[in-house]
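Please look at the structure below before reading on.

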Amino acid sequence: MRDTALWLALAGVALVWFVGHPESSVALELVLPLAVLAVAIPGRRRWPVAAVFAVNALCAIGLAHPVTPANAYIVALAVSAYLLGTGPTTTRSALPAFGGCLALDLVLCAALGGGAVWWYYTLTAFPLALLVPWLFGRYWQAQLAFVRGGWQRAQLLERQQRLVAEQARLRERTRIAADMHDSLGHELSLIALRAGALELSPTLTGRDRADLGELRAAVSDAVGHLRDTVGVLRDDEGDRAAAPTDESVEELVDRARDSGVTVDLRRDGVPAPPGLSPLVDRAVYRVVRESLTNAAKHAPGGAVRVRITHEGGRTDVRVTNAAGDAGKSLPPSRPVSGGHGLTGLRERVGVVGGTLRAAPRGTGFEVAATMPDRVGQDRPLRQSGAVTDPDTESCAESGSASESGSESVRQLTTARRRARLRFAAAFVVPGGFGLITLGSAAYAAFQLATCVLRPADYAQLQVGGDRAEFANVLPARQFPYVSDSVKARPRPAGTTCAYYRSSGSLLDQVDVYRLCYSGSRLVSKDVVPGSGSG
């Protein structure tokens with residue numbers, strides 16, 4: 001449909017031009033060109049360069065016109081060049097094609113013996129019709145690519161935003177799981193431990209002991225359900241940041257003692273000024289709390305020893321528990337699944353640049369962690385007051401770095417730069433070419449306009465009269481582009497001739513008046529038909 005509409009538009013322009021030039025050939029300058037356009041317009045999609053060559057040949061037909069080299073198919077040539085610029089054809093193949101078209105036009109103009117106007121038209125109109133629309137087509141193509149790249153990048157950012165929201169949701173789920181495991185799981189384990197200790201008291205009645213057994217079993221089941229929920233909420237990576245708590249290690253140990261756990265806490269040395277990093281302080285707290293929870297669960301009744309040593313800018317934490325008291329073993333309850341505690345603890349210690357080891361020691365178990373007192377250069381706290389998570393900050397930094405160097409950004413920058421360069425080329429190159437052409441056209445028009453002898457003045461010239469008698473009606477300049485064939489026409493012997501154009505038309509052939517003088521006396525005057533273009 002578009003090809004048909006384009007053909008009808010170009011055919012209309014050609015028909016209007018043909019009606020205004022009745023001396024044109026119907027077959028050569030109307031029927032044949034319209035048939036060529038009917039093939040070239042749809043064929044340009046597969047053979048764009050060949051289509052430009054075909055339309056250029058239609059324009060070159062005008063060089064054989066006896067009156068003017070211009071025809072309506074220069075419009076079709078400009079449209080074909082524009083469509084070539086908007087297509088996939090590269091500069092490397094387009095420019096040689098334009099050179100071939102111009103070479104064909106020049107050879108044809110020379111073969112047909114075109115006059116000065118024909119040569120001027122070939123050297124100006126054809127290059128302008130090819131180069132300028134092609135440059136605008138390339139600019140439009142680059143602009144569309146830039147716009148498409150912008151929309152693609154917007155879609156990519158929307159997808160990334162959805163992924164970020166999904167990751168934030170997963171992180172929040174993992175944070176909730178960590179808080180439930182570290183806080184609520186610890187509290188439930190202490191409750192179960194205290195209920196178990198009371199259950200072994202010799203002062204209880206059978207009914208009380210049965211009630212406490214049911215309570216301990218219920219708490220144990222609750223811990224199991226909690227760990228199942230935590231397993232669902234946690235993702236594979238876990239979360240390395242947790243909500244800070246104001247409870248100290250000493251307060252944590254006191255609560256464990258109140259629950260019936262035998263704990264021996266000792267600190268050796270003091271952290272180097274300015275003290276422990278908040279991240280390290282929280283990591284120490286998590287190591288102690290997880291170790292106490294595991295000891296209460298797996299070795300009830302066993303003593304626990306906690307040693308925290310600050311030395312040489314590093315902090316060592318060792319939590320060792322003895323084997324549980326077999327005499328105080330609790331009645332069996334539902335097995336409790338786990339496995340996330342030490343894994344999450346190892347990740348948390350790794351965040352601050354430390355290491356964690358957990359392994360049996362003798363008949364008991366030991367958890368040992370070594371961490372630096374300060375994390376890196378001790379990044380500042382967030383404005384909200386929360387401790388900065390180094391992983392989160394490093395992810396943000398790497399995210400901005402990857403954003404600035406991402407493939408979509410590079411493609412968008414390249415498309416923007418290409419659009420700007422082609423915009424400049426689409427205006428600067430034609431502008432410079434147009435200035436040169438306009439200057440030369442203005443000079444040629446000045447020359448042709450100042451050598452016109454009006455037909456009425458020519459009719460008043462009398463053979464035998466003195467040149468001074470009619471000098472006032474003669475143009476200031478003679479016609480400078482007289483062809484050799486006109487100069488070779490017979491003339492009276494011993495005379496010199498002057499040539500003048502009969503009209504100021506620039507593209508059409510006009511009659512040339514020849515005035516021959518013997519001295520200052522007009523010897524002859526005659527008209528050379530259709531030679532006013534050189």
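F98 and W134 are both buried in this predicted model. The search of the whole structure finds 3 aromatic pairs. The rings of F98 and W134 form an edge-to-face pair, because their planes stand at 85° with the centres 5.5 Å apart.

**Aromatic pairs**

- F98 belongs to helix α5 (residues 91-112) and W134 to helix α6 (residues 116-199), so their pairing ties together parts that are 36 residues apart in sequence.
- The planes can be classed from the angle alone: over 60 degrees counts as edge-to-face, and the F98 and W134 planes are at 85°.
- Y121 and F126 also make an edge-to-face aromatic pair, with 5.6 Å from centre to centre and 75° between the planes.
- Y121 and F126 are buried as well.

**Charges over rings**

- R467 is placed over the face of Y517, 4.5 Å from the ring centre.
- K525 has its charged end over the ring of Y458, at 4.6 Å from the centre of that ring.

**Helix α9**

- Helix α9 covers residues 278-298, and its 21 residues should span 30 Å at 1.5 Å a residue.
- Of the 21 residues of α9, 17 are buried, so the helix is mostly covered, with buried meaning under 20% relative accessible area.
- An α-helix has 3.6 residues a turn, so residues three or four places apart point the same way.

**Chain as a whole**

- The chain contains 14 helices and 8 strands.
- It has 534 residues, and 40% of them count as buried.
- Among contacts in the chain with a separation of 6 or more, 70% come from residues 24 or more positions apart.

**Confidence**

- The average pLDDT of the chain is 77, and 78% of the residues score at least 70.
- Residues 235-244 have a pLDDT below 50, and this stretch has 23 contacts in the model beyond near neighbours in sequence.
- Residues 327-339 also have a pLDDT below 50, and that stretch has 23 contacts in the model beyond near neighbours in sequence.

Conventions:
Residues are numbered from 1 along each chain as its sequence is written. This is a predicted model: local features need pLDDT of at least 70, side-chain atom pairs count only at pLDDT 80 or more; totals for chains, interfaces and linings use all residues. Side-chain values use heavy atoms; hydrogens and water are left out. Helices (H or I, at least four residues) and strands (E, at least two) are DSSP runs, numbered from the N terminus. Buried means under 20% relative accessible area, exposed over 50%, partly exposed in between (1.4 Å probe, protein chains only). Contact means heavy atoms within 4.5 Å. pLDDT is the predictor's confidence in each residue, from 0 to 100. Rings of Phe, Tyr and Trp (its six-membered ring) pair if their centres lie within 6.5 Å; planes under 30 degrees apart count as stacked, over 60 as edge-to-face and the rest as tilted. A charge sits over a ring if NZ of Lys or CZ of Arg is within 6 Å of the ring centre and within 35 degrees of the ring normal. The expected span of a helix is 1.5 Å times one less than its number of residues.
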